[in-house]
Every structure is written in C-alpha cells, then in structure tokens.
Amino acid sequence: MFIRRESFSQYLRMYPVVSTLIALNVFIHLLTFLPMLGEYIYYYGVGSNFHIANGEWWRFVTPIFLHGGFMHLLFNMFSLFLFGPELERLTGKMRFITIYMLAGLFASAATYFLQPLDYVHVGASGAIFGIFGAFGALVYYGGRALPQLKQIILPIIVISIVMTFVTPNINVTAHIAGMITGFLIGLSYFHPKRIVSWRAKNRR
C-alpha cells in the first residue's frame, strides 16, 4: 500500500502533485545555498511570528517550503514520497493540494497564535501531518472496510504524535494543527462511495 514499486518515470506520471512538491522543496533548499540569494530567500521566507505581526503575511505560507537542514528536508520529503501518492490517487490532484496547503497554512497560523512572538519555524511537517490526518479521516469512515489501511496508518499516526512530543526542537503546535486540519478536511472529502472506489483500486 505504501511501498513504492513504480519506476521514476511512472512515479512522475502517476503522482504529478507529489512529484512537483518534492521537486519544489528540493529546488528551494538548494537555492538557499547560493551566495547572497540563499540568505535572502531564507530570511524572507522563514516563519517569524515577529515579522508576521508586522504585516509580512506571506510568512504563513513560505515556511512550508523551507527546511533547517538536509536531514530535515530528507525526512519530510521521504514521508511525502511514501505517503503522498496514495492520498493523491484517492482524492485527485486538486483535493490533495488543498489538504497539503491548508494543513501547512493552518500549522503556520496556529504557530503564530499559540507560540511566543519571537518564535521562528520552517518545514513542511505541518503539511505532512495533514496527510496523516486525512488518512485518519479515511480510517474513521471506513476502518472496517479497509483493515489493511487501519493496521498501517494508525500506528504511524500514534508514533508520529509520540515522536513529536519527545523529540527536541520540534514545532509541536504545527504538527498537531496540521494533523487536525487534514483530518477535518478528510471528513468532508471521504464518504462511502470514495472508500469503495479506493478499495476497488487497491484490489486491481
């Protein structure tokens, strides 16, 4: 289910939104290494509560595409690479990007309202957790019809939440807000007909 067996070209063709998001995140991360320009991109893109309070509203979105280091980028993009395709296949391109971007946006908004004024953050984790939340909604509606999904995704969600609270330097607010956002959007997207359709696709 979450094991990727596609070739590189098949993956790009079958999951264009996930592929584009991964490429965009990697490209922007590489740009941050360029002299002068990289510092400018990072400084004006980082999620700074202080600067948001002073009217720089774009910082609600730009942190979703910035990362604090290679391992930070690698972990988030591997999660997107692994879990994103099934959700894109089920929901379609527009619904997937809606889940991803709104989860990331509300993660940033929650960070702004619940964290101190001097708090600074970057990373796609809130959006990634939105994907987990959307799968949680699918399990909520169709756990009995999709036992394999339930057995896989519930432990992943639990482990992700536990790691959020025990790992240092993690934006707990963004993770939880992103997951809740994904779950709520998932509740509006997933209904019995979609669950049956998803199940039929996975039987082929």
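Because the model is predicted, local features need pLDDT of at least 70 and side-chain atom pairs count only at pLDDT 80 or more, while totals for chains, interfaces and linings use all residues.

**The largest pocket**

Begin by selecting Phe-75, Asn-76, Ser-125, Ile-170 and His-175, which are the closest to the centre of the largest pocket among the 35 residues that line it. A pocket here is an open set of points on a 1 Å grid over the protein atoms alone, where a 1.4 Å probe fits, with protein on both sides within 12 Å along at least five of seven lines, and a lining residue has an atom within 4 Å of a point. The volume is about 680 Å³, taken as the space filled by probe spheres set on the points.

Next, colour α5 (70-91), α6 (93-114), β2 (120-121), α7 (125-142), α8 (147-166) and α9 (172-189), each of which supplies at least two residues of this lining; helices are DSSP runs of H or I with at least four residues, and strands are runs of E with at least two, numbered from the N terminus. The largest contribution, eight residues, comes from α5. By class the lining holds 20 nonpolar, 15 polar and no charged residues, where Ala, Val, Leu, Ile, Met, Phe, Trp, Tyr, Cys and Pro count as nonpolar, Asp, Glu, Lys and Arg as charged, and the others, Gly among them, as polar.

**α7 against α9**

Now show α7 and α9, whose axes come within 6 Å and cross at roughly 40°; axes are lines fitted to C-alpha atoms over the stretch in contact, with angles from 0 to 180 degrees between N-to-C directions. The two helices are therefore oblique to each other, a term for angles that are not under 35 degrees (roughly parallel), over 145 (roughly antiparallel) or 65 to 115 (roughly perpendicular). The contact (heavy atoms within 4.5 Å) includes Gly-126, Gly-130, Gly-133 and Gly-136 of α7 and Gly-178, Gly-182 and Gly-186 of α9. Its residues divide into 10 nonpolar, nine polar and no charged.

**α5 against α6**

Finish at α5 and α6, with axes within 7 Å of each other and a crossing of roughly 130°. Leu-80, Gly-84, Leu-87, Glu-88 and Thr-91 of α5 meet Lys-93, Arg-95, Phe-96, Ile-99 and Tyr-100 of α6, giving five nonpolar, two polar and three charged residues.

How values were computed. Residues are numbered from 1 along each chain as its sequence is written. Side-chain values use heavy atoms; hydrogens and water are left out.
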